[in-house]
Amino acid sequence: MKKNIVLIGFMGSGKSTVGKVLAKQLAYLFLDTDREIEEKEHKTINKIFEEEGEHYFRKCETELLKNLEISSENCIISTGGGMPLMEQNGEILSKLGFVVYLSVQKDTVIKRLKYDMTRPLLAGDHAEEKVAKLLEFRKPIYEYTAHMMIETDHKTIDEIVEEIIRNY
Ligand code: S3P
């Protein structure tokens with residue numbers, strides 16, 4: 001296993017926020033897979049979904065993971081919420097480093113992402129139902145993929161970071 005920490009979990013679980021603080025404390029590099037893909041494609045996530053479709057985006061994610069498996073060391077890697085969905089990604093993720101699942105409940109997601117327009121999968125009406133459905137489907141995949149799980153709903157960023165460092 002490589003010496004990275006990989007954060008997985010649903011949209012709004014705090015992966016990027018936690019990841020940045022964690023990186024600072026451990027003096028690791030911070031990397032966000034969504035931002036890497038946006039940079040490489042010269043488009044926002046929204047635009048990629050709109051113009052190329054979700055399947056294309058998933059292919060970008062897998063390609064990026066394969067590159068990271070070769071090139072990353074001492075990194076905190078924050079992943080897009082759908083990263084573990086493709087079966088092969090799960091395998092690469094666990095070779096990439098210590099995988100931490102930040103779990104979050106539906107109501108917390110709704111509260112955190114209420115006015116956020118950057119998540120194409122939650123766009124439009126019935127966001128609550130969409131979150132519930134996706135969460136139910138993905139929960140077992142996150143659990144299966146991760147080495148460790150942290151419930152984030154009632155914890156501060158510092159508490160989550162401390163818990164990760166204690167178990168790393
Ligand atoms: C997605 C989550 C997003 C982004 C894309 C798809 C998902 O990342 O990768 O919109 O399938 O859950 P965040 O988890 O950082 O919001």
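Which residue in S3 is the bridge partner of Val6? It's Ile77. This is a predicted model, where local features need pLDDT of at least 70, side-chain atom pairs count only at pLDDT 80 or more, and totals for chains, interfaces and linings use all residues. Residues are numbered from 1 along each chain as its sequence is written.

Let's start with the sheet. Strands here are DSSP runs of E with at least two residues, helices are runs of H or I with at least four, and both are numbered from the N terminus. Two strands pair if DSSP finds at least two bridges between them; S1 and S3 (residues 75-78) have 3 bridges, in the parallel sense. In the whole open sheet, 5 strands run in the order S2-S3-S1-S4-S5, with parallel pairing. S2 (29-32) and S5 (148-151) each have a single partner strand, so one side of each has no neighbour in the sheet.

Now for two glycines in the loop between S1 and H1: Gly12 and Gly14. A residue counts as buried if 20 or more other C-beta atoms lie within 10 Å of its own, exposed if 12 or fewer, and partly exposed in between, with C-beta atoms placed from the backbone. Contact means that two such C-beta atoms lie within 7 Å.

| Residue | Other C-beta atoms within 10 Å | Contacts beyond four places in sequence |
|---|---|---|
| Gly12 | 21 atoms, buried | Val104, Thr108, Val109, Arg112, Leu113 |
| Gly14 | 22 atoms, buried | Leu102, Thr152, Ile157, Ile160 |

An unreviewed UniProt entry lists both under "binding site", along with residues including Lys15 and Arg119. UniProt positions use the numbering here, feature names are shortened, and annotations may be inferred rather than shown by experiment.
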